[in-house]
Amino acid sequence: MGNHKETYPLIRHLGLLLFLAGFGLFIGIFFLSDYRLTEEALQEAFSYKEEVAPMAVSQTLPDDTRPATPPPLYWLMVKEAEPMMGETYNWNFSFVDRLNDLFERTNERVLAIYGLSDDEIEKIIEVSRLETNLEYNTTLALAQLEGEGQLLEERQQLLRDYTGWMEGRTYETSEALEQELRSTLEGLEMGITEGEGISSYSAKGYLTSLVKYSTIGWIANYTWLFFWLAFGLSTAGALMYILPGLGTVAGIKHNNIFFSSLKNRGWLGVLLGTFLILFYIILYFYPYYMTNWILLVEPFCYWMTGNPASEFFLYGFLYTLAVLVMGVRMLIKYRHSNYHKIRTASLMFFQLAFAFIIPEILVALNKPYFDFKNIWPLNYDFFFDYRLDEFLANGTLGLFMLGWGIALIIIAVPLFTYLYGKRWYCSWVCGCGALAENLGDPFRQLSNKSVEAWNVERALVHSVLVFAVGMTIAVLYTYFTASSEFLGISTYTLREIYGFAIGAVFAGVVGTGFYPLMGNRVWCRYGCPLAAYIGIIQRFRSRFRITTNGGQCISCGNCSTYCEMGIDVRWYAQRGQNVVRASCVGCGICASVCPRGVLKLENKDPKGRFGNPILIGNEHVSVIE
Ligand code: SF4
Ligand code: SF4
């Protein structure tokens with residue numbers, strides 16, 4: 001028995017070495033492939049969107065005619081890709097550049113097939129000038145379109161949709177008609193690219209799949225081997241580093257924590273933060289650069305779900321692995337406390353079963369992806385049209401999911417928060433909480449305890465809640481009225497802003513990337529709309545409070561230091577006042593690190609939960625009434 005660092009040093013050093021080897025290999029894998037585009041890769045990448053027939057690729061489409069039936073997008077792309085087929089690229093950045101050019105050329109080809117040629121535009125103007133005295137007539141315009149069959153019908157429909165509003169309008173000159181027509185057709189061209197070509201929305205997915213299926217070299221050939229080397233070595237190494245902690249005396253040890261480069265914003269902390277921030281930026285905005293990592297979990301994903309892996313499967317896998325491995329560390333570090341042992345086990349269970357295994361099994365069974373513990377507004381797209389349609393299209397199971405989600409919001413959250421405070425969710429169930437508590441534990445002391453930070457926290461977290469509620473009301477309004485705007489605002493714009501600024505940047509890049517710089521609960525504290533909602537209930541209508549035995553407090557400040565939510569617990573303890581704060585997630589660490597047993601997490605009658613400050617006088621302890 002002895003100091004943590006003195007126990008089994010050889011095993012710990014070996015573990016660290018193995019972890020670094022596995023992690024280093026994982027980083028190296030990012031760069032370790034060549035790329036070659038093939039017809040098969042195009043087919044694989046596009047098959048999830050289109051029913052494609054391989055034989056169609058060998059057919060030719062003369063450049064100057066329009067086919068009778070719309071050609072599959074991948075087919076057009078194969079034609080445009082011919083010059084780069086068979087070329088090998090050693091660098092995914094240059095390969096992605098070439099693919100972007102390919103997408104651009106394919107979209108031009110799509111426009112040439114579905115759009116209007118200059119000749120057709122001239123004919124429309126001419127016929128309007130000669131036959132209707134410059135009055136735009138849709139029927140005459142439609143008759144000027146060339147082609148035959150299904151494609152002609154599609155083109156006519158597009159022209160009708162986009163120029164219908166000009167019907168019956170008379171123009172003073174043919175130039176004025178041409179100007180109006182051409183500017184209207186710009187919208188039509190955008191619509192064609194978005195609908196028939198590679199839209200800005202779908203380009204990311206296509207790029208990611210194409211790069212993944214074009215990968216050649218070691219990772220593609222020995223995927224399982226690299227999977228085990230990267231994840232097996234780092235997991236085994238981490239456990240070898242963590243498990244010797246069992247040989248030490250139980251109880252929390254924070255020795256030298258502020259001298260640690262990793263745990264006190266030294267160069268190691270900055271390096272780790274930079275890595276996490278870059279990881280999230282690539283994950284959300286440039287997933288086509290991390291295809292080697294996605295490929296690494298591809299066989300595992302096929303084994304588990306029968307489907308190819310996406311960047312989000314990779315993310316779910318890494319996330320769960322981090323929660324589990326660092327959960328073992330938590331179980332050992334806090335093993336003197338049943339509260340922490342059960343709480344950590346609960347977080348590990350909910351992440352593994354509810355956030356990872358069950359949703360992936362549902363997808364494998366062709367059911368909607370659903371995390372049964374993810375509650376709106378944290379789960380901000382729960383009421384989006386495509387989700388509601390998905391629920392309604394999935395019979396009893398879909399309706400159960402919808403009902404379950406609503407019951408969580410209006411029954412479970414108020415009821416459990418009343419009974420147990422915010423902790424029932426934030427520190428026992430939530431996936432963000434699981435990562436923050438387990439992976440983020442070494443950084444909890446970095447949270448800002450100032451009053452200014454508290455003010456920023458309240459303003460930010462409640463603004464996000466208001467935004468999320470407003471957006472959801474707008475989206476529901478458009479869903480039931482079939483309009484695309486609410487009070488003149490496009491709900492798509494609202495969704496895009498929220499998804500980008502809150503869903504990706506705040507929750508991901510900042511929320512986790514800044515663990516080693518701002519502490520482990522950045523997202524929960526400043527951004528999570530569900531935490532704001534639960535916090536309001538906890539503050540005003542709950543049985544939960546942290547009671548303080550003020551007379552015992554020696555003002556050491558441990559509680560404040562290790563409060564991940566930046567609450568200055570000592571301030572309350574010194575006054576003997578109960579801690580009743582909206583932001584407290586009930587992790588219980590403040591109570592565990594207190595050397596004097598001053599703090600106690602309690603659920604009692606809400607009456608008198610704020611308690612009364614106790615003053616320590618010269619002769620006696622008195623309670624201020
Ligand atoms: S006050 Fe205590 S229980 Fe609440 S969040 Fe801070 S450390 Fe956790
Ligand atoms: S950790 Fe305990 S003794 Fe130290 S300041 Fe907080 S309440 Fe007081």
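This is a predicted model: local features need pLDDT of at least 70, side-chain atom pairs count only at pLDDT 80 or more; totals for chains, interfaces and linings use all residues.
**Entry 1, domain bounds.** I began with the domain assignment of the chain, which gives domain 1 as 266-542 and domain 2 as 543-623. I then took the centres of domain 1 and domain 2 over C-alpha atoms and found 29 Å separating them.

**Entry 2, extent of the interface.** I looked up the contacts and noted 30 residues of domain 1 against 28 residues of domain 2. For the area, I recorded about 2,500 Å² buried between domain 1 and domain 2, with 51% of it on carbon and sulfur atoms. I next asked which three residues supply more than any other three of the area that domain 1 buries against domain 2. They are Arg423, Lys449 and Arg539, and I noted their supply as 23% of that area.

I looked up the polar contacts between domain 1 and domain 2 and found 22 residue pairs, both members at pLDDT 80 or more. The count of salt bridges between the two domains is two. I also inspected the side chains of arginine 444 and glutamate 564, which meet in a salt bridge at 3.1 Å, N to O.

**Entry 4, the side of domain 1 that touches domain 2.** I listed the helices that each supply at least two residues to this side, among them H16 (338-364), H18 (395-420) and H21 (451-481). Helix H25 (529-540) is also one of these, and from H25 comes the largest share, four residues. By residue class, I recorded nine nonpolar, ten polar and eleven charged residues on this side of domain 1.

Methods. Residues are numbered from 1 along each chain as its sequence is written. Chains are lettered from A and ligands numbered from 1 in the order in which they are written. Side-chain values use heavy atoms; hydrogens and water are left out. Domain bounds come from an automatic or database domain assignment. Contact means heavy atoms within 4.5 Å. Buried area is the accessible area (1.4 Å probe) that two parts lose on being put together, summed over both. A salt bridge is a side-chain nitrogen of Lys or Arg within 4 Å of a carboxyl oxygen of Asp or Glu. A polar contact is a pair of N or O atoms within 3.5 Å; within protein, one must be able to donate a hydrogen and the other to accept it, and residues adjacent in sequence count only if both atoms are side-chain atoms. Ala, Val, Leu, Ile, Met, Phe, Trp, Tyr, Cys and Pro count as nonpolar, Asp, Glu, Lys and Arg as charged, and the others, Gly among them, as polar.
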